[in-house]
Every structure is written in C-alpha cells, then in structure tokens.
Amino acid sequence: MQGLAFLLAVCAATSSALQAQVVSTVAGDVNQAGDRDGKALGEATFNNPHGIAIDGRGILYIADRWNHKIRKYDPHTGLVSTLAGTGAIGSTDGPGNTARFHAPWGIAADAVGNVYVADTKNQKIRKIDTLGNVSTYAGTGSFGVANGPRLAARFADPTGITLAPDGSIYVCDHLGHTIRKISPDGMV
C-alpha cells in the first residue's frame, strides 16, 4: 500500500507540474509577417524576430531582424512600439526614429533600460540609451575578427549578446567562430 501511495503522489506531482507550464502568444500575429505597432495581440506584427531581452522594469525588447528595427513590448500597457530604427537598412546613429540597423539579431538590456544590440550585418554592437538615442558601442563596421579598443575592434556577424554582472558584454561572433568580451574599460 505504501508503494501505491508513493506512486499516486509522484503522479499527482508530475501532473501538477505539467499543468503549471503554459505557453501563450503575448505579441504578434502567427498568420502574417509585418511591421505594425499597436496592441500586442490583434495589431502588432513582426518580421523574423530573433533576440529578446527584458529590463529591470519588465519591458521586453525585440530584435525585429527583417524589419531592421528594435521593438519593445510593455506588458503594463499591452502595447508594442518601435524603440529604434526606420526600417531602412543602414548604420545611422542618432535618435531612435532616425537610426538605422541591418538585420539586428541579438539583444540585451541592463537593469536601468539601456539596450545593447548585436547589429549583425553592420558588424557592430550598438547601444540604445534610456532616452532612445542610438550609438555605436563597438566595432568599425568592417567584417573581421580584430581585438583592441572597442571602436577599433572588428566583428564577423555578431549574433548573440549578454551582459555580465561586472559590466562586461559577451558577444557570440557567429562567422568569427568566437565568443568575444567587451570589458568595462572598453577593450574587446
């Protein structure tokens, strides 16, 4: 009888754990690609979203690769908006509504809302500050693998990016077949 009681307890725990995991769509339209801001469900569309990150306020950032934009989803309002990028391919720094990206792939956000982007086809790491201004954080824009000061370094299709607690930024340099580190003192 003890064995049966144990088996029933395990089955109940397993069943409960399986039911606790729910997958749901929070933004976008599964039936179409597009480039539309608005209500997360029913209006907003994406075109090949790749990377996602969340900041300390719960805002979700999305690298919308084929729209060449960085989008954000605010779960408090239920809205998707464009944080940066015009949608045209380019490498322009400046205010978010004039900045340009080329197939951004990876994305990371710090606790205060700065966003770092692996701007894959521009061979750069870009930063979007809390005011929405875009700047080149690292990379010359020329394809290659070269270490050194962050603005003199070269990347080979950076795709993944993450922030470390010590302020370092780690980059998956896809075609360079390397993992790169940008230290807090600005060296790659």
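**Reading the contacts and strands**

Tutor: The structure holds nine salt bridges, where a salt bridge is a side-chain nitrogen of Lys or Arg within 4 Å of a carboxyl oxygen of Asp or Glu. This is a predicted model, in which local features need pLDDT of at least 70 and side-chain atom pairs count only at pLDDT 80 or more, while totals for chains, interfaces and linings use all residues. Residues are numbered from 1 along each chain as its sequence is written, and side-chain values use heavy atoms, with hydrogens and water left out.

Student: What is the general idea of such a contact, and which residue forms a salt bridge with Lys69?

Tutor: Side chains of opposite charge can pair when their charged atoms come close. Here Asp35 is the partner of Lys69, with 3.0 Å between the closest N and O atoms. The two belong to distant parts of the chain, 34 residues apart: Lys69 is in strand S4 (residues 69-74), and Asp35 is in the loop between helix H1 (2-20) and strand S1 (38-39). Helices (H or I, at least four residues) and strands (E, at least two) are DSSP runs, numbered from the N terminus.

Student: Is Lys69 buried or exposed?

Tutor: Buried means under 20% relative accessible area, exposed over 50%, and partly exposed in between (1.4 Å probe, protein chains only). Lys69 counts as buried because its relative accessibility is 10%, whereas Asp35, at 36%, is partly exposed.

Student: Where does the salt bridge of Asp93 lead?

Tutor: Asp93 pairs with Arg126, the closest N and O atoms being 2.9 Å apart. This pair also links distant parts of the chain, since Asp93 lies in the loop between strand S5 (79-84) and strand S6 (94-95) and Arg126 in strand S9 (residues 124-128), 33 residues apart. Asp93 is partly exposed at 35%, while Arg126 is buried with a relative accessible area of 0%. Salt bridges that share partners also join Asp35, Asp37, Asp64, Lys69 and Arg71 into one network.

Student: How many aromatic pairs are there, and how is such a pair described?

Tutor: A pair of aromatic rings is described by the distance of the centres and the angle of the planes. Rings of Phe, Tyr and Trp (its six-membered ring) pair if their centres lie within 6.5 Å; planes under 30 degrees apart count as stacked, over 60 as edge-to-face and the rest as tilted. The count comes to one aromatic pair. Tyr116 and Tyr137 form it edge-to-face, at 5.5 Å centre to centre with 80° between the planes. Tyr116 belongs to strand S8 (residues 115-119) and Tyr137 to strand S10 (residues 133-138), 21 residues apart. Both Tyr116 and Tyr137 are buried.

Student: Which charged end sits over the ring of Tyr137?

Tutor: That of Arg150, 4.4 Å from the ring centre. A charge sits over a ring if NZ of Lys or CZ of Arg is within 6 Å of the ring centre and within 35 degrees of the ring normal.
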